[in-house]
Every structure is written in C-alpha cells, then in structure tokens.
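Me: I would like to go through this model and ask, for each label, what value and what rule stand behind the label.

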Amino acid sequence: MSRTVVTTPKAPTPPAGVPLSQAVCKSNLVQVSGQTGVDPATGKPVSESVAEQTEQALRNVFAILAEAEAGVEDVLMLRVYLTDVAHFAEMNETYARVVGEPYPARTTVYVGLPANLLVEIDALAVRGQ
C-alpha cells in the first residue's frame with residue numbers, strides 16, 4: 001500500500017529546504033506534521049501570544065486533516081511542543097476550547113523552536129472509522 005502526500009494552501013507550506021510533507025496518509029491513517037502558529041496567508045506568527053499561536057496551530061492541523069478527509073473526531077493523538085513551561089496553562093485553556101470533548105490522547109513536551117514560535121502541534125488520525 002502506497003503513501004499519499006497531503007498538501008493544502010489553507011495551512012503553511014514547509015519552509016524551503018525542509019524535507020517534509022504537511023501530512024502523509026497510508027490506508028486510513030493520517031499523520032500531520034507539526035504545525036505552528038503561523039498564518040498561511042502571511043507566513044508569519046499570528047501574534048506573540050501562546051493562546052493565539054495555539055489556536056492558529058490547531059486551525060492549521062484541522063485544515064490539513066480536512067484536506068485528508070478527516071476531522072478532529074478522527075484524531076487519536078495530538079502532540080504539543082511548548083517552548084516555555086510557563087505557557088502550559090494558557091495553551092491548555094485554548095486547546096480545551098478549540099479541540100473540545102471528547103479529547104484525543106495528548107502528550108506535551110518542552111522544546112526549542114525557531115524565533116517567535118511558542119508552540120507546535122502534530123496529529124495522528126484514523127479516517128473513516
């Protein structure tokens with residue numbers, strides 16, 4: 001069974017020279033690459049707020065899922081990468097509001113990201129279940 005690459009202009013394109021796809025599907029699985037709080041129209045972070053960047057990152061994930069014919073209800077796992085432990089509560093509040101119940105499984109880790117990026121989120125989904 002072959003892999004299918006998913007691409008949509010409704011989410012940021014990968015930076016030049018970075019070898020990744022927005023998402024890859026195989027059978028009914030969809031793996032969305034990490035999405036940041038970057039506005040696909042401008043190519044820049046939506047703001048310096050972790051809440052606004054979290055919401056935009058999730059919008060980007062959901063846009064890619066939609067292109068792959070999946071939705072938040074198909075998500076098994078979301079992984080959240082934060083640059084600062086102090087941002088956890090604000091990210092968590094926004095995440096809960098945007099994702100809604102029942103929540104998928106989730107892991108949150110603390111990492112370094114490029115300048116001005118505060119959060120990155122990836123997803124694993126199963127379509128058509």
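Me: Why is Cys25 called buried?

Reply: Cys25 has a relative accessibility of 3%, and buried means under 20% relative accessible area, with exposed meaning over 50% and partly exposed in between (1.4 Å probe, protein chains only), so Cys25 counts as buried. The model is a predicted one, in which local features need pLDDT of at least 70 and side-chain atom pairs count only at pLDDT 80 or more, while totals for chains, interfaces and linings use all residues. Residues are numbered from 1 along each chain as its sequence is written, and side-chain values use heavy atoms, with hydrogens and water left out.

Me: Where does Cys25 lie, and which residues does Cys25 touch?

Reply: Cys25 lies in strand S2 (residues 23–26), where strands (E, at least two residues) and helices (H or I, at least four) are DSSP runs numbered from the N terminus. Leaving out residues up to four places away in sequence, Cys25 touches Ser2, Arg3, Thr4, Val6, Val30, Ala68 and Arg127, a contact being heavy atoms within 4.5 Å.

Me: What makes Ala68 buried, and which residues is Ala68 in contact with?

Reply: The relative accessible area of Ala68 is 3%, and Ala68 is therefore buried, although its place is in the loop between H1 and S4. Apart from neighbours within four places in sequence, Ala68 is in contact with Val6, Cys25, Val30 and Arg127. Ala68 and Val6 are 62 residues apart in sequence and 6.3 Å apart in space, C-alpha to C-alpha.

Me: How do you know whether Val126 is buried or exposed?

Reply: Val126 has a relative accessible area of 13%, so this residue is buried. Val126 is found in strand S6 and touches Asn28, Leu29, Asp74 and Leu76, not counting residues up to four places away in sequence.

Me: Why is the pair of Arg79 and Asp122 called a salt bridge?

Reply: The closest N and O atoms of Arg79 and Asp122 are 2.7 Å apart, and a salt bridge is a side-chain nitrogen of Lys or Arg within 4 Å of a carboxyl oxygen of Asp or Glu, so the pair meets the rule. Arg79 lies in strand S4 (residues 75–82) and Asp122 in strand S6, so the pair ties together parts that are 43 residues apart in sequence. As for the setting in general, side chains of opposite charge can pair when their charged atoms come close.

Me: Which polar contacts does the side chain of Asp122 make?

Reply: The side chain of Asp122 makes a polar contact with the side chain of Arg79 at 2.7 Å and with the side chain of Tyr81 at 3.1 Å. A polar contact is a pair of N or O atoms within 3.5 Å, where within protein one must be able to donate a hydrogen and the other to accept it, and residues adjacent in sequence count only if both atoms are side-chain atoms.

Me: How many salt bridges are there by this rule, and which residues do they join into one network?

Reply: The count comes to three salt bridges. Besides the bridge of Arg79 with Asp122, the side chains of Glu55 and Arg59 meet at 3.1 Å, N to O, and those of Arg97 and Glu55 meet at 2.9 Å, N to O. Arg97 is in helix H2 (residues 88–99) and Glu55 in helix H1, 42 residues apart, while Glu55 and Arg59 both lie in helix H1 (residues 50–67), four residues apart, about one turn of the helix. Glu55 is partly exposed at 22%, Arg59 counts as partly exposed at 44% relative accessibility, and Arg97, with a relative accessible area of 55%, is exposed. Salt bridges that share partners join Glu55, Arg59 and Arg97 into one network.
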